[in-house]
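Colleague: I am new to this structure and would like a close look at a single part. Please walk me through the ligand site.

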Amino acid sequence: MDTTAYWQEIARHSPLALLLDMDGTLIPLAATPDEARPGADVRELLAALAAADGLRCAVVSGRPQGALADMLGDIPQLRLVAEHGMWRWDGAAWSATAAVDAATLDQLQSLLEPSVRANPGALLERKSASLCVHYRQVGGSGREAFLVSTAALLNLWLSAHEDYELLEAAQAMEVRARKVNKGSSVAWAREGEPADLLCVAIGDDVTDEDTFRALAPGDAAILVDHGRRRPTAARWRLADPDAVRGFLGALLQLRRGGDAPAGLLPQPIAARAPRPAPGARGDRAPRLLAISNRLPHLRDPAQPSGTRKQSVGGLVSALEPVLAERRGLWLGWSGKTTAESEVGEVSTDDEGSPALAWIDLPADWEERYYNGFCNRRLWPLFHSFPAHVRFRDDEWDAYTQANQAFAEAAGSLVEPDASVWVHDYHLLLVASGLRQRGHRGPIGLFLHIPFPGADVFELIPWSRDLLAGLLDFDLVGFHTPAYVDNFHDCVSRLTSARVSGGAIEHGGRVTRARAFPLGIVPASFQEPPDPAIAEEIAALVEALHPTRLVLGVDRLDYTKGIPDRLLAFERLLQLYPEWRGQVSLVQVSVPSREDVPEYAEQRQLIENAVGRINGEYGEAHWVPVRYLYRSYGRNHLAQLYRAADVGYVTPLRDGMNLVAKEFVAAQDADDPGVLLLSRFAGAAVELADAVLTNPYHPDGMARDLDRALRMEPAERRTRHQALLAAVSRTTALTWATDFMRALESVR
Ligand code: ADQ
């Protein structure tokens with residue numbers, strides 16, 4: 001049946017019940033509830049509908065009964081449903097549908113009042129079964145912070161009040177007693193009516209989805225979508241309140257036997273393939289969602305359909321098994337941007353393992369959120385490099401918006417009770433966004449970088465907002481106990497939460513912080529060499545012969561301390577001239593974040609230092625430093641590590657540093673190289689049997705390098721044995737399993 005014929009049949013059916021939302025459906029949304037009132041045209045239309053033979057008409061609104069009665073109570077035969085179903089007006093009297101304890105909402109109201117008063121434009125609306133925070137008029141850069149902190153507070157409260165739920169209405173957050181919802185208006189419409197009564201429900205708000213879901217198969221649900229697509233149980237759409245009024249006029253005309261222009265009728269919503277509607281996902285729904293800013297690998301467009309680029313990296317190896325066990329899904333930014341200012345729709349690929357989901361982000365977020373707030377502000381600050389960090393409001397705004405976008409995508413992919421595991425500093429506010437959307441399941445965060453001391457952390461203008469966001473996680477994991485201590489210290493100093501033992505108590509809820517040291521998959525660095533690679537490495541060793549090989553392998557990043565490492569190598573040649581012609585440094589740097597100016601400067605600094613050292617000390621048969629600006633595959637790296645006499649791993653600060661662990665795993669146990677490791681890498685906690693060094697002290701580092709180069713085989717073997725035991729104890733797999741076990745037991 002075509003659209004016109006379908007609506008003709010519905011419009012002429014008797015009895016027919018209309019369930020009409022008011023704000024955003026019959027009338028446009030306004031800045032405050034008081035400013036949105038139905039005009040004479042709407043009242044006339046409702047009067048005509050309510051009076052029509054065989055037609056029942058109800059306005060089903062979230063507004064309080066007084067306001068609704070005041071605007072529409074005088075229209076004969078028009079029924080009213082106020083406060084999302086809490087109150088009903090049958091034309092003669094109001095009746096309550098549920099008993100709600102007022103003292104409980106009083107308590108929430110007193111919790112919310114201080115922050116609502118402190119944020120101009122924010123409005124608190126008290127109703128019988130709910131409390132609503134309106135934020136349409138909260139402007140400026142404080143808006144997102146207000147939203148995040150309000151959501152955090154509401155979620156804390158909700159975790160102790162299971163009979164209440166959070167609704168995200170248009171520009172408002174509403175906490176409502178669960179037993180009250182608009183869906184009950186459908187049963188009321190059917191009460192005392194013949195079984196063939198049909199319902200047509202029209203609404204634009206998420207609360208109208210309750211009505212849509214309560215409809216019977218032959219009924220019609222129409223979403224007023226204001227030009228934006230969103231998940232809905234409705235099969236039909238109209239654009240805005242003008243279109244709704246046009247359609248209702250057409251419906252009356254059709255009922256009277258006339259014709260109606262097709263342009264006035266609702267249009268079908270194109271079926272969306274990716275996900276079943278909430279509540280219908282059943283057994284196939286993912287039980288675990290991992291979220292990171294970037295995905296490990298996306299489908300390679302150059303490969304035949306169904307194949308992906310081979311996955312590399314410890315994180316993928318770590319997460320793949322835990323995701324597979326739980327029908328998990330991994331969500332991230334595709335790395336692509338949209339031309340418009342909108343976030344792209346969620347795409348999924350569940351053919352490979354792990355199943356992936358991704359979104360495209362608006363183009364200007366790449367600069368403000370990713371390069372800006374994440375990589376030019378949080379990254380250096382969390383590594384305790386505050387000197388050049390200056391914060392910008394527009395970057396913070398983009399950060400909060402991007403976190404909301406990830407939360408929105410996440411909320412659409414899993415059921416509210418699924419486990420969610422968020423990764424790293426890009427997404428510190430995702431738990432708040434998810435809680436705001438009603439997520440009840442456990443949410444964990446693992447931070448891959450250091451967590452700084454409170455004196456550094458509080459340099460962030462939004463340090464308290466970030467902490468509030470972090471406390472919305474149930475579990476926060478760090479690489480080392482020292483980062484956990486820093487986090488506890490920040491929470492104690494900058495929030496009112498109470499830290500006791502391993503638990504942080506705040507508003508009746510608990511967040512746990514613990515160290516989960518990330519490791520590697522040791523066996524993957526112990527595989528036999530690929531013959532072509534073996535040949536290439538042999539040629540390199542031959543070219544260096546008879547000198548000893550000191551090896552540095554890093555992402556090109558200023559936290560890795562590569563210029564300082566070169567300086568210490570230069571000091572070695574000055575302090576111990578006997579090493580000239582006897583030792584070579586090979587530094588392999590993989591290109592990284594080339595869009596950020598500090599990284600281009602770093603590259604220049606390194607190339608200048610390499611030029612200086614080689615110019616000063618190089619001889620016809622000896623090049624002191626070889627600098628390779630390139631990436632290698634795992635087998636290649638493993639062979640390089642194995643060929644080295646010293647693994648020169650000296651970051652100024654590093655969350656963990658997996659290169660140190662990879663170097664250990666790759667050594668020949670009978671003739672192992674020596675690991676020279678910065679004390680300021682998280683890895684130094686577990687790898688205490690390395691030669692530990694201070695990269696801020698070139699003379700000391702030169703002495704440590706000399707010691708490493710001279711170390712006797714027996715001491716090398718003893719140290720290596722202890723190091724290998726540590727690397728084998730906490731691997732990528734034990735890390736993921738431990739974290740998941742802790743996450744799943746927190747609630
Ligand atoms: P990164 O800062 O990237 O990671 P790291 O842990 O050393 O630091 O991991 C680097 C990875 O890149 C290693 O697996 C290494 O093999 C690889 N790599 C480096 N140079 C390479 C090259 N030239 N070619 C190929 N591969 C190369 C962040 C934090 C760390 C934390 C990890 C994991 O900054 O502190 O250990 O996340 O949580």
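How far does a polar side-chain atom of His 479 lie from an oxygen atom of the ligand?

Modeller: The distance is 3.1 Å, from a polar side-chain atom of His 479 to an oxygen atom of the ligand. Bear in mind that this is a predicted model.

Leu 658 uses its backbone instead, with a polar atom 2.8 Å from an oxygen atom of the ligand. On its own, the ligand has 710 Å² of accessible area, and the protein covers 84% of that.

Which elements build the shell? Four of them give two or more residues each: strands S24 (548–555) and S25 (583–590), and helices H19 (634–643) and H20 (658–666). In total, 22 residues surround the ligand. Leu 658 and Glu 662 are among the closest, together with His 448, Tyr 632 and Asp 654. By type, the shell holds eleven nonpolar residues, six charged and five polar.

Now set the site in its chain. The protein chain has 747 residues, and 55% of them count as buried. It contains 24 helices and 29 strands. Its C-alpha atoms fill a box of roughly 105 × 55 × 40 Å along the principal axes. Among contacts with a separation of 6 or more, 71% join residues 24 or more positions apart. The chain exposes about 30000 Å², and carbon and sulfur atoms supply 50% of that area.

Helix H10 spans residues 363–382 and has a kink of about 40°, centred on Gly 372. H10 is mostly covered, with 15 of its 20 residues buried. Arg 368 sits in this helix. Its side chain reaches the backbone oxygen of Asp 394 at 2.8 Å. Beyond its neighbours within four places in sequence, Arg 368 is in contact with Asp 394, Glu 395, Ala 398 and Phe 373. Just after H10 comes Ser 384, where phi is positive, at about 60°.

Note on methods: Residues numbered from 1 in each chain as written. Predicted model: local features only at pLDDT ≥ 70, side-chain atom pairs only at ≥ 80, totals over all residues. Heavy atoms only, no water. Near = heavy atom within 4 Å. Polar contact = N/O pair within 3.5 Å; in protein donor to acceptor, adjacent residues only side chain to side chain. Areas by Shrake-Rupley, 256 points an atom, 1.4 Å probe, with all protein chains shown as cover. Helix = DSSP H or I, 4+ residues; strand = E, 2+ residues; numbered from the N terminus. Nonpolar A, V, L, I, M, F, W, Y, C, P; charged D, E, K, R; others polar. Bend = angle between axes of the 7 residues up to and from the residue. Buried < 20%, exposed > 50% of the residue type's maximum accessible area, 1.4 Å probe, protein only. Contact = heavy atoms within 4.5 Å.
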